[in-house]
Amino acid sequence: MAIVRADELVKEYPKPGSKTERFRAVNGVSLSIEAGEIFGILGPNGAGKTTTLEMIEGLTDIDSGEAFVDGINVEKEPNKAKEIIGVQLQANEYFDHLTLAELIGLFTRLFHRAKDPRELLARVNLEDKAAAKPAALSGGQRQRFSIASALVNEPKVLFLDEPTTGLDPQAKRNVWKLVEELNSRGMTIVLTTHNMEEAEYLCGRIAIMDHGKIVAEGSPQQLIMQHAPEPPEARLHGNLEDVFLKLTGHGLRE
Amino acid sequence: MDTTLIMAKTLLKIFSRDRQAIFFTLFFPITFMVIFGIASAGGEDPIEIGIVDNASNAFSAKFVDTLEGNRLFSVNVATEEELRDKVSEGDLALALILPQDFDGDEGAADITMLVDAAQARQTAMMTPLVEQALLKIERELRGIEPLFPLTVVDVQARSQRYIDFLVPGLLALTIMQISIAGSGYNIVEFRRKGILKRLFVTPIRSSQFIGGLVLSRLVITVIQVSFLLAVAVVLLDVPVEGNVLELLGLIILGSSIFLSLGFFMGSLAKTQQAIMLLGNLITLPQIFLSGVFFSIDAMPDLLQPIARVLPLSFVVSSVREVIVNGLSVVEQIPTMAGLVLWLAASLTLAIRFFRWKEVAS
């Protein structure tokens, strides 16, 4: 049985610059994600990826359609659904004046759980930053902290909204490794990205969204076979990013 | 309740580390208190008056001496021309012109009083004072015993200084500022930065978040206002005549009204600029109209009815009655009714309009 299911989700917003007209940011999206998958939602900016995720997470009202997480209707029982999902948001700003350990402690207590914040920070390689403020973190560290704060309730499903946007290749690979590690322990992961390479590397299945609709769905291999034009000649070597990583190494620069 | 307390504790911790916020919420009222405290330490300033002595005789000299001996007046003797200028410039409250036949002999000598008619209110206040002083001098000069000697006894244990009037006003003002900043400005900032959304990823309910924020702000307000009051009592010798627990209740009631108004404004405003504008729109008129710095009675008649029903006016008036006049809250039923009505109205608005989700632009 699918652990995440969305049926014909629709979200309308007022059209910018118009009082009466509305446009559909999400226009009838249906998804079925199996437990243990890494599922990617791919698409250009403004395609409706984030809105789709936030409807499933119970953060945005659903105009029509239904969403279920582990059989729980997210609109009818949002708090029950929130107990079993982890959410990493695109915006990762936090209260000023609190340290990473204090913030993790706050989120843990809001889930009525008891957990050592340091243990969780260690899982994302931030144990030495426990006493730092989020403002002092680098982009990659911020993203990893953001994932750590989504893990406080040991979720069954982890939603990641553009987890590697704006990161340098080292930090990006580091996040990928973390995602793979979490998935290897059985966590279902749903992520959005507009990075093809990321989708291809991480995801077992992908849905490509544009203009609020899913335009293609399948494994990366299937999609390439079905949709990619035949390349004029096979590329024998890796791409420029491989060169960059070979020359600069995989070590994190933070 | 548990979640509410967790939220309240967290927000208190954040505020306690925010030195800038602590400084600015205290800086303004303390500065005002100290300035006016020092300024009013010397008591009332004498009224500046001028005299043109056209008679220049022993009698007129005695008249001038007598006026100079009166603590109410500070006397400047000069020519009519000079004094005219000074009166019209506002340097002198008025000038008296003694005629040439001012010699105490039979036959009344007309004294002319130069005033600035634009200062009608001041003139009306001054004229009886001057007349009284003249009458007293006349009796002394003529050696007449007053028919009805009047002994004035001050019913208030101590004369009220301006600082005693001002401190309760400043306390009420601080309650308003801290509360509106606490709910209004913070909520817009939290929403803009995505912090609210981050919180609502957890199973916290809106009511628990609001409850936590309200609780933390009430604690902050009580601590800050108590600190200001302590400064006023210890350094400026401002007496607290009424019940301190009732004062505490008023602080909490007043703070709740402005916290609710802040939530309401925070829900209307989408940006920091918008909430700043909206905040100023709500607070600035109240600072001037609610009797913080001067009594509503001294305002133009047209404004008074409006000024009296502003929420800050009720807070100022109740806090002042308790501190200055030692009145209990049960002796101020109309003011209490005003406070409760404002609380009901603002709470309704706050709950009706609260949203933690950002509306897509």
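Into which domains is chain B divided? Before I answer, please keep in mind that what you see here is a predicted model. Chain B is divided into domain 1, which takes in residues 2-40 together with 161-353, and domain 2, which covers 47-142. Taken over C-alpha atoms, the centres of domain 1 and domain 2 of chain B are 48 Å apart.

Let me turn now to one element of chain B, helix 10, which runs over residues 272-289. After helix 10 of chain B comes G291(B), where phi is positive, near 75°.

Which residues of helix 10 of chain B are buried? They are I275(B), L278(B), G279(B), I282(B) and Q286(B). As for this kind of spacing, an α-helix has 3.6 residues a turn, so residues three or four places apart point the same way. The buried residues of helix 10 of chain B are covered by elements including helix 6 (162-192), helix 9 (244-268) and helix 12 (311-325) of chain B.

Finally, the contact between the chains, to which chain B brings 19 residues and chain A brings 21 residues. On the side of chain B that touches chain A, helix 1 (2-17) and helix 7 (195-199) each supply at least two residues, and helix 1 of chain B gives the most, with five residues. Sorted by class, that side of chain B has eight nonpolar, five polar and six charged residues.

Note on methods: Residues are numbered from 1 along each chain as its sequence is written. Chains are lettered from A and ligands numbered from 1 in the order in which they are written. This is a predicted model: local features need pLDDT of at least 70, side-chain atom pairs count only at pLDDT 80 or more; totals for chains, interfaces and linings use all residues. Domain bounds come from an automatic or database domain assignment. Helices (H or I, at least four residues) and strands (E, at least two) are DSSP runs, numbered from the N terminus. The expected span of a helix is 1.5 Å times one less than its number of residues. A residue is buried if 20 or more other C-beta atoms lie within 10 Å of its own, exposed if 12 or fewer, and partly exposed in between; C-beta atoms are placed from the backbone. Two residues are in contact if their C-beta atoms, placed from the backbone, lie within 7 Å. Ala, Val, Leu, Ile, Met, Phe, Trp, Tyr, Cys and Pro count as nonpolar, Asp, Glu, Lys and Arg as charged, and the others, Gly among them, as polar.
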